[in-house]
Amino acid sequence: MRILHRINLDVPAGVEYQFCALIGHAAVQAAFDHDLVYGSRLHPDLAPYVEPFVDSAVSFKRAGWLRLPRRPTALRQYALASRIKRLRSDVVLSWSGFARTGVARAARASATPLVYREGGGCWFEHPPQAAAEFIRSISGAICNTHASMRMLQLKWGYDGPARVCLGGIRPEVMAAADAAEVTVRSLANRERVRIGVAARLDSEKGVCLAIHALRHLRAGGMDCELHIAGDGPDRAVLEALATTLDVRDHLRFLGRVSDMPAFYRGIDVLLHPALQEPLGNVTIEAQAFGVPVVATRVDGMAETVRHGETGRLVVASEPY
């Protein structure tokens, strides 16, 4: 079977690493051939995980050496449909690109089934007409949690075939966890507790709540520090908040971390205060290293953290 994957790979994040893990898996390589259509660029951090395993990789904004204009949209749709036909794709797999009408129309024009992989795209608002057209075009859906599947069904009215396939751990992270002598962390008798946050610095990840939690914990007498792995548009605002709350000296912004196993080994607890979260890859990875997780009880988090066993889930309406 030949699969044409449509996914944006501009930024290395959860869905993008899930894609890399899938196409690099030996069993998947043995059973399928892969082609890739991405957005503006293939991020250099993702390229080594992608290029060896796909037969072709192009931007949907190009036809050969020619860059296609944004308008009229039919140009890019026609180019994508032509590519699907030329490659003789058996299926188009759209990764979290909910309401991509261009993909839907290209799949219909090439008479190729379209399967949607839901990993958070349907949480956001989309033009109703575009969403309805996309829903009508889907032949099936793969969802990373039951919460994702129910969001697709209840919010957008999808009633076709759907299966839940829980997201996994990046191969290099899993290999490091397997190689390590993992023991469950205990906070008892710690002189200083190191709290870790690993997230894109964007509003829905709730990193501001972690900074407020740091202030409350220190005010309550706990000697603790916060290490934040990740970057994003809210970084300057979060740095200012840390200064305002007078915890800047107890907080480190690490930026994007390439060695996540070292990050997990260096923290005592992972805090994931997301306001919306279809899956929460970092919570799964932290648990693989024996790191307990404290997370908000939203969306798919109850499917990845066992409350009272591998961590704690906090109702999002509680003040702290």
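So, what covers the buried residues of helix α12? The cover includes α1 (14-23), α8 (171-179), β10 (193-198), α11 (260-265), β13 (269-272) and β14 (293-296). By cover I'm talking about contact, meaning heavy atoms within 4.5 Å. Helices here are DSSP runs of H or I with at least four residues, strands are E runs of at least two, and both are numbered from the N terminus.

Before going on: this is a predicted model, where local features need pLDDT of at least 70 and side-chain atom pairs count only at pLDDT 80 or more, while totals for chains, interfaces and linings use all residues. Residues are numbered from 1 along each chain as its sequence is written, and side-chain values use heavy atoms, with hydrogens and water left out.

Back to α12, residues 281-288: 7 of its 8 residues are buried. Buried is under 20% relative accessible area, exposed is over 50%, and partly exposed is in between, using a 1.4 Å probe and protein chains only. The buried ones are Asn281, Val282, Thr283, Ile284, Glu285, Ala286 and Ala288. Just after the helix, Gly290 has a positive phi of about 75°.

Next, a loop. Leu42 sits between β2 (33-38) and α3 (47-50). Is Leu42 buried or exposed? Its relative accessible area is 16%, so Leu42 counts as buried. Setting aside neighbours within four places in sequence, Leu42 touches Leu9, Ala47, Val50 and Glu51. Its C-alpha is also 8.4 Å from that of Ser59, 17 residues apart along the chain.

Okay, cysteines. How many disulfides does a search of the whole structure find? It finds 0, where a disulfide would be a pair of cysteine sulfur atoms within 2.5 Å. For Cys20, the nearest cysteine sulfur belongs to Cys165 and is 16 Å away. For Cys122, it's that of Cys143, at 7.4 Å. Cys20 is buried because its relative accessibility is 6%, and Cys122 is buried too, at 0%.

Finally, the whole chain. It has 12 helices and 15 strands, and 50% of its 320 residues are buried. The C-alpha atoms fill a box of roughly 65 × 40 × 35 Å along the principal axes.
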